[in-house]
Amino acid sequence: KKSLILRLLSKETQTRKNITMIHLLSRELIRRGSSSARTSATASFRPAAAAAGRCFSSGGSIHWSEIPMGPPDAIIGLTEAYKEDMFEHKVNVGVGAYRSDEGAPYVLPCVREAESILMGQNLEHEYSGIAGDPDFVKLSLEFVYGTDSKPLIEKRVAAVQTLSGTGGLRVFGEFLARHGHKHIYLPNPTWGNHIPIFQNAGLEVRKYRYYDTENSDLDYDNMISDIKDVPEGSCVLFHACAHNPTGMDPTMEQWAELSQITKDRKIMVFFDCAYQGFASGNAPQDAGAIRMFIEEGHNLALVQSFSKNFGLYGQRVGALSVVTANDAEKAAVESQLKITIRPMYSNPPRHGARIVKTVLSDPRLTNDFIDQCKGMADRINDMRIKLRGTLEEVGSTHSWEHITKQIGMFAYSGLKKDQVLALRDNHHIYCTLDGRISMAVSK
């Protein structure tokens, strides 16, 4: 009896092993694809089992071992290379964040004061709604459109809080893709993240000419020509101010012409507003193009970021708004924005929005913010003047006039890739390969 029991147990153990191997084989066949799946189980059993064994024995995973390494992000890769450089006087002018003269992160005093106020309110940490903090959203819209904006007064602007500008761009991209749009037009060049954001949202990215690299100036004639060729009803993205990476904006007269062309062609205008107040030091002036388009009757869309102007880079504070024709449209659009947000990130964080709300709801703190934001903008403009002046003083025969014609955080230097690499290798100065230099970290 004992011998019989042992034989039965041995047989059961072997059966379990076979079942385990069959499961491994099935997974291997799925991984190998249809061509392997057509081979017989008998022929594939030993190689599959061996492959599975190799995955376990080498410390790899049958699920993840064949995932390829992705390419590094251009900015993050630049920062990593900078950190690995042991030269004492190295400089990184690629980072897109404001720095003090000492190269340290800068927190606006009005933001510090708002944080102190919030700390004394003993606030809870409940979820916000899908659309975020309604008071923050209201103040954000008044900040960019103006308190006298007709669509705001008529309560026909659909709006939600977003994960800064990046999150708002992705939400609107998916919103467009869900509702009949197949493509979006972006300036060439544009912020590098624009392209994957909209591609991942399901849109084909098309481009219109924007910058004349040979003359380091706005390529306005070709820009107008391309916009006129955009199919009616298409969505076209404009940078509201301080175009990234070039820092070259249209004049108000040129914006007026763009407004008329896009209106005539029934183009959906989408503004990306990442630098309001931070570009010129004058928030209403930086929103000038947006307000002009509104006055001329555009039912435009707009994404705002409070990363640069409030220095809230890590808080991810932003808003997305859509100007509609009436209450019914507003309700419908807002409902669809919420439907897009819910499975994406459910609802936005609260702390950064509370900071912005605290500042913009207090007249004194708002005036402090305006002064402090202007201080950052003025310092950046001073850096532009000093950079151009120094280059001319040391005898450079190249024209650097474009450095002072540009506006905002970045200077599009005009340096070629080999020159950028030479700066990095020979002088330990780090900037992006397109020659974009952050004036906000210069000294």
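How do the residues of the lining of the largest cavity divide into nonpolar, polar and charged? The model examined here is predicted. A search of the whole structure finds 1 cavity of 30 Å³ or more, and the volume of the largest cavity is about 30 Å³. Its lining consists of Gly 277, Gly 281, Ala 283, Phe 369, Ile 370 and Cys 373. By class, the residues of this lining comprise 4 nonpolar and 2 polar, with no charged residue. Helix α16 gives the most to the lining of the largest cavity, with 3 residues.

Helix α16 spans residues 363-393 and packs against helix α5, residues 109-119. The angle of packing is about 150°, and the two axes lie 8 Å apart. Since angles over 145 degrees count as roughly antiparallel, α5 is therefore roughly antiparallel to α16. On the α5 side, the contact involves Pro 109, Cys 110, Glu 113 and Ile 117. These residues meet Arg 364, Leu 365, Asp 368, Phe 369 and Gln 372 in α16. The contact of α5 with α16 has 5 nonpolar, 1 polar and 3 charged residues. Phe 369 takes part in this helix contact and also lines the largest cavity.

The strands are considered next. An open sheet is formed by 7 strands, in the order β2-β10-β9-β8-β7-β3-β4, with mixed pairing. Strands β2 (157-163) and β4 (204-209) are at the edges, each pairing on one side only. From one strand to the next, the twist averages 25°.

Helix α10, made up of residues 220-228, lies across β4 and β7 (235-239). The direction of α10 is at about 140° to β4, and β4 is one of the edge strands. Helix α13, residues 288-295, lies across β7, β8 (268-273), β9 (301-305) and β10. The angle between α13 and β8 is about 155°.

Conventions: Residues are numbered from 1 along each chain as its sequence is written. This is a predicted model: local features need pLDDT of at least 70, side-chain atom pairs count only at pLDDT 80 or more; totals for chains, interfaces and linings use all residues. Side-chain values use heavy atoms; hydrogens and water are left out. Two strands pair if DSSP finds at least two bridges between them. Helices (H or I, at least four residues) and strands (E, at least two) are DSSP runs, numbered from the N terminus. Axes are lines fitted to C-alpha atoms, for helices over the stretch in contact, and angles run from 0 to 180 degrees between N-to-C directions. Contact means heavy atoms within 4.5 Å. Angles under 35 degrees count as roughly parallel, over 145 as roughly antiparallel, 65 to 115 as roughly perpendicular and the rest as oblique. Ala, Val, Leu, Ile, Met, Phe, Trp, Tyr, Cys and Pro count as nonpolar, Asp, Glu, Lys and Arg as charged, and the others, Gly among them, as polar. On a 1 Å grid over the protein atoms alone, a cavity is a set of points where a 1.4 Å probe fits but cannot get out, and a pocket is an open set with protein on both sides within 12 Å along at least five of seven lines; lining residues have an atom within 4 Å of a point. Grid points are joined across faces, edges and corners, and a volume is the space filled by probe spheres set on the points.
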